[in-house]
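These are my notebook entries on one structure. I record what I looked up, entry by entry.

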Amino acid sequence: MVKVTFTLDDQTVERLRRTASRLAKPQSYVVREAVREYEARSTKLSDEERARMLAIVDRMVQEPHTRTAAEVDTELREIRASRRRWARHRSSRRRP
């Protein structure tokens, strides 16, 4: 464990003390759990972010295609072939 010092406002300190008392846990435990939960939530999209991204996807789906399926398939084949050539080149350089 690492000992750290934070400056908190009175209201936050009171909440921390009340929560620790109610749970019968040390204040440091409550802070660790709060940070763990906050970190887990921070990786999720907010409702606003989710709505904005869905609107973008909806607009993309409604836009007309700029290339035919055959053109896309050709480009994907070229990309895959290039990646295979690069992988073979790398693996041949590793051998003594």
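I sorted the lining of the largest pocket by class and found seven nonpolar, two polar and three charged residues. Nonpolar covers Ala, Val, Leu, Ile, Met, Phe, Trp, Tyr, Cys and Pro, charged covers Asp, Glu, Lys and Arg, and polar covers the others, Gly among them. A pocket is an open set of points on a 1 Å grid over the protein atoms alone, where a 1.4 Å probe fits, with protein on both sides within 12 Å along at least five of seven lines; lining residues have an atom within 4 Å of a point.

I note that the model is predicted: local features need pLDDT of at least 70, side-chain atom pairs count only at pLDDT 80 or more, and totals for chains, interfaces and linings use all residues. Residues are numbered from 1 along each chain as its sequence is written, and side-chain values use heavy atoms, with hydrogens and water left out.

I looked up the volume of the largest pocket, which is about 350 Å³. Its lining includes Met1, Phe6, Ser28 and Arg36.

I then turned to the second largest pocket, with about 160 Å³ of space. Its lining consists of Phe6, Leu8, Thr12, Arg15, Leu16, Thr19 and Val31. The largest share, four residues, comes from H1.

I next placed Ala20 in helix H1, residues 10–23 (a helix is a DSSP run of H or I, at least four residues). Ala20 counts as buried because its relative accessibility is 6%, and buried means under 20% with a 1.4 Å probe, protein chains only.

How values were computed:
Helix = DSSP H or I, 4+ residues; strand = E, 2+ residues; numbered from the N terminus. Buried < 20%, exposed > 50% of the residue type's maximum accessible area, 1.4 Å probe, protein only. Points joined across faces, edges and corners; volume = space filled by probe spheres on them.
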